[in-house]
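Please read this briefing alongside the sequence and the model. The points below are grouped by topic, beginning with a term on which the later placements rely.

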Amino acid sequence: MFSKSCQYAIRAVLYLAVNARSDQKTGAKEVAEALNVPSPFLAKILQQLARHDLVSSSKGAGGGFYLQEQDLQVTLSQIIDCIDGKGAMSACVLGLPVCSSENPCPLHFKALSYKSGLEKLIQGQTVGQLAKKIISKKLSL
């Protein structure tokens, strides 16, 4: 349902939430290695998130990406909107360009309840809440 870029963005933000702060910045390369994703691709994603004030960054020696307290209040839906666009949750599950209740794809009506439930779940989840679960349950990214 989400693009690779969006999946990488969510994982990277959660990695930063668990591993980086203003006094302990992390470079895109380190995040990419930890998550086993392409470094140049992830660097562009992190830059996009920083431009939209969803993560913090600083340039120069000792620079990198990190999360401040306000960044921990970012929701998953904000990350998804930033990377995949506002229509990501309403897009056709089969990727068809024209899919609606009037012109449904074969899975349209079955997917509606799934997408609605997922959207509710995502809207209420902050990065900080998820980071706490990752730490307490020792979950992997």
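Predicted model: local features only at pLDDT ≥ 70, side-chain atom pairs only at ≥ 80, totals over all residues.

**Surface patch and Leu94**
- Met1, Val93, Leu94, Leu96, Leu107 and Tyr114 together make a nonpolar surface patch of about 540 Å².
- One of these patch residues, Leu94, lies in the loop that runs between helix 4 (76-84) and helix 5 (108-124).
- Leu94 has a relative accessible area of 44% and is therefore partly exposed, since that class covers values between the 20% limit for buried and the 50% limit for exposed.

**Largest pocket**
- The volume of the largest pocket is about 150 Å³, and its lining consists of Gln47, Ala50, Ser57, Ser58, Lys59, Gly60, Gly63, Gly64 and Phe65.
- Two or more residues of this lining come from each of helix 3 (39-51), strand 1 (56-58) and strand 2 (64-66).
- Sorted by class, the lining of the largest pocket holds six polar residues, two nonpolar residues and one charged residue.

**Lys133**
- Lys133 is placed in helix 6, which spans residues 127-136.
- Because its relative accessibility is 42%, Lys133 counts as partly exposed.
- Between Lys133 and Asp53 there are 80 residues of sequence separation, while the C-alpha to C-alpha separation in space is 23 Å.

How values were computed: Residues numbered from 1 in each chain as written. Heavy atoms only, no water. Patch = residues over 30% accessible without salt bridge, like charges linked within 9 Å, V, L, I, M, F, W, Y side chains within 5 Å. Areas by Shrake-Rupley, 256 points an atom, 1.4 Å probe, with all protein chains shown as cover. Salt bridge = Lys/Arg side-chain N within 4 Å of Asp/Glu carboxyl O. Helix = DSSP H or I, 4+ residues; strand = E, 2+ residues; numbered from the N terminus. Buried < 20%, exposed > 50% of the residue type's maximum accessible area, 1.4 Å probe, protein only. 1 Å grid on protein atoms, 1.4 Å probe; cavity = no way out; pocket = protein on both sides within 12 Å on 5 of 7 lines; lining within 4 Å. Points joined across faces, edges and corners; volume = space filled by probe spheres on them. Nonpolar A, V, L, I, M, F, W, Y, C, P; charged D, E, K, R; others polar.
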